[in-house]
Amino acid sequence: MNKPGQRASISTHGRDPVDDRELVAAAQRGDRDAFKTLFERYHRRAYALALGVVRHPDDALDVVQDAFIKAHRHLDKFEGSASFYTWLYRIVMNLAIDHLRKHRKVKPVELDETRLEAEGDEPLLPRILGGNPGQALIDKQIRSRIDQALDELSENHRAVLVMRELEGLSYEDMAQAMSCSKGTIMSRLFHARRNMQKRLLDLLDHPPAELAEDLAGTPAADPDPAEAPPARSLARAARSPGR
Amino acid sequence: MIGPAGRRLLIAGFALAAAFVVAPGAARADVTAECDFLEFSAKAGDKPAIDGELKPLEKKLKKPPFATWNQFKLLAHIQKPLAKKKPEPIALKTGSAIATLVEIVDKSKVRLTVTMNDAKGKEVANNTATVEAGDWVVYVHPMPGNEGHLLSVSCK
Amino acid sequence: MTRAPSDFELMEHADAEHEDAELIARIEHDPHSRARLESIQQIGELVRGHLELSADAVHDAKFAAMWRRIDGQLVAPATGLWSRITGWVDRYRGYVITGAVSAGAVAALALVLRGPSEGVAAHAIEVRPVAQRAAPEIDSLDTPGGSSTVISLNDDDGNAAVIWVTPDDDTEAL
């Protein structure tokens, strides 16, 4: 397992910053190919970030597109003190949050951010999925539940969770990005994680009928072998002594 | 802008170029693709370790669902030219596989069929995939004790 | 007796915001704290992994189309050779298609007129730049005695289709 705060590096994201700077410099001089290379490097990463916040794939694509157009338009303001991606993700994040605000149908109910310490005494839920989250992700039902749990988070909680887990931002950086205090960030992150845990544990405690059949040993129909989730992995996870 | 004469010239140019390009290609009656088969094991350990020969896959092996493992050990690296529609046995350390080049879809893309068998000769997977040169198909077979047995195939 | 770390402390530790030897010792001595710490880390892995896999699953064509739309809105003049070529192809797409059809016909004629070939030559296929490659397509998949899941992974080393086979009898080795 990784040490706290560390993550298995996602090498697609690990870039030579000098290389990016050269591309940015070329793009600033009007070289579209250089900007296209930057796009090719970071579009999926930017998409993952946008999707985490806006939740709808088409909306996330729109956000990424707008972010690259905006980045290009303001390339002259990029001074290179941070990496290109750090600059880009801020644009993506701002556009994603703007998008949510524009398309918000119901005003979200926020938890009282000052309640952290009181609620912080409640225990976090114990380990989930048999200690094997990587493999759990091949299960469509688990991924669907992650989607559902992300959908159910408030916008602010989700934004903080995504910034932290996807980009590894510090509390301070997130506080700057969201124009709030570090304490508020910690509170949002705490609640976001706790709600995610609850939703995922709920899946194991109250599995859908299809999964319940599998847990009971009834073979499920397998209409499309290429797409069928290996529900047994979840069954194994549910039986895992790790829980 | 291109005028009518230019358009005709453009079309004729294409046709002539195709004749020059394709006609010599007709001599290549027996096309082959050079394919790499990497058989490796995976498990979780104290320190991350990825065999050097797995470098082309290293980034992917750090992503989920592989991220649950951090030690990847090469068991066999087999390089084989595959001729069209000729099944080639691939001798694995554990089990076996048969690979067939179904066709070269275009000059940078192949269609492959791979059949994997377990140590008892029982078929585990039979797959046909269309893959660009340099890209990979990775077959993963989870093993008891949170270990994995993997076979990766790439052609060029 | 040492005090068990609070959830708040565990979270700070998990996020590398609070590196303190005394706190680490308290976590290491308390199995419940270790489990809670692991739980926080697992949530992170699930969220990150899920979003990355979702991003990897988006078809290349969508991003290619996105780039065309972005490129159409960039204000700087196109200077690269590729931009000029693609711009030219876009402009004369109709003629290019007609030309390509004619080329096919001529090529087919050339093959017919040439007759059976005598030479046999090995032919290595061409590796295109990663950015121009399409993700692998699974044409058929059969996993007798087990289920399977196909996962698409893409990065700047290329694309991969991961075929995860889960045997019905998961104690059976390959």
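1. How many bridges join strand β6 of chain B to strand β7 of chain B, and do these strands run parallel or antiparallel? Nine bridges connect β6 (residues 109-117) of chain B with β7 (residues 123-132) of chain B, and the two strands run antiparallel. Within this pair, Arg111(B) stands opposite Thr130(B) in β7(B). Strands here are DSSP runs of E with at least two residues, helices are runs of H or I with at least four residues, and both are numbered from the N terminus; two strands pair if DSSP finds at least two bridges between them.

2. Before going further, please note that this is a predicted model, in which local features need pLDDT of at least 70 and side-chain atom pairs count only at pLDDT 80 or more, while totals for chains, interfaces and linings use all residues. Residues are numbered from 1 along each chain as its sequence is written, and chains are lettered from A and ligands numbered from 1 in the order in which they are written.

3. The β6-β7 pair belongs to an open sheet of five strands, whose order is β4(B)-β5(B)-β6(B)-β7(B)-β1(C) and whose pairing is antiparallel. At its edges are β4 (88-91) of chain B and β1 (137-142) of chain C, each of which pairs on one side only. On average, and with direction ignored, neighbouring strands of this sheet are turned by 20° against each other, where the axes are lines fitted to C-alpha atoms, for helices over the stretch in contact, and angles run from 0 to 180 degrees between N-to-C directions.

4. Chain B as a whole has two helices and nine strands, and from the N terminus on its elements run α-β-β-α-β-β-β-β-β-β-β. Among contacts in chain B between residues at least 6 apart in sequence, 43% join residues at least 24 apart; a contact here requires C-beta atoms, placed from the backbone, within 7 Å.

5. The largest nonpolar core has 121 residues, and those with the most contacts inside it are Ala50(A), Val92(A) and Ile163(C). Such a core is a set of buried Ala, Val, Leu, Ile, Met, Phe, Trp, Tyr and Cys residues joined through C-beta atoms within 7 Å. Helix α2(A) gives the most to this core, with 13 residues. Leaving aside residues up to four places away in sequence, Ala50(A) touches Ala60(A), Val63(A), Val64(A), Val92(A) and Ala96(A). Both Val92(A) and Ala96(A) are among the buried residues of α4(A), which also include Trp87(A) and Met93(A).

6. The length of helix α4 (residues 84-102) of chain A is worth a check: its 19 residues should span 27 Å at 1.5 Å a residue, and its end C-alpha atoms are 27 Å apart, which agrees. The expected span is 1.5 Å times one less than the number of residues.

7. Some backbone details deserve a look. A cis peptide bond, with omega about 5°, joins Pro64(B) and Pro65(B), and Pro65(B) is placed in the loop between α2 (58-61) and β3 (71-83) of chain B. Arg55(A), in the loop between α2 (32-54) and α3 (57-73) of chain A, has a positive phi near 75° although it is not glycine; with 17 C-beta neighbours inside 10 Å, Arg55(A) counts as partly exposed. Ser179(A), likewise not glycine, has a positive phi near 50° and lies in the loop between α9 (171-178) and α10 (182-205) of chain A, where it is exposed, with 7 other C-beta atoms within 10 Å.

8. On confidence, pLDDT (the predictor's confidence in each residue, from 0 to 100) averages 72 in chain A, with 63% of the residues scoring at least 70. The mean for chain B is 81, with 81% of the residues at 70 or more, and for chain C it is 76, with 67% reaching that value. In chain A, confidence is lowest in helix α12 (residues 231-239), at a mean of 31, and highest in α3(A), at 95. In chain C, the lowest is helix α5 (residues 81-91), at a mean of 54, and the highest is helix α4 (residues 60-73), at 91. For the complex, the predictor gives an ipTM of 0.80 and a pTM of 0.56.

9. Stretches where pLDDT stays under 50 include residues 107-124 of chain A, for which the model has 24 contacts beyond four places in sequence, and residues 22-29 of chain B, with 15 such contacts. Where pLDDT is low, the predicted coordinates should not be read in detail.

Notes: Buried ≥ 20, exposed ≤ 12 C-beta atoms within 10 Å, placed from the backbone. Contact = placed C-beta atoms within 7 Å.
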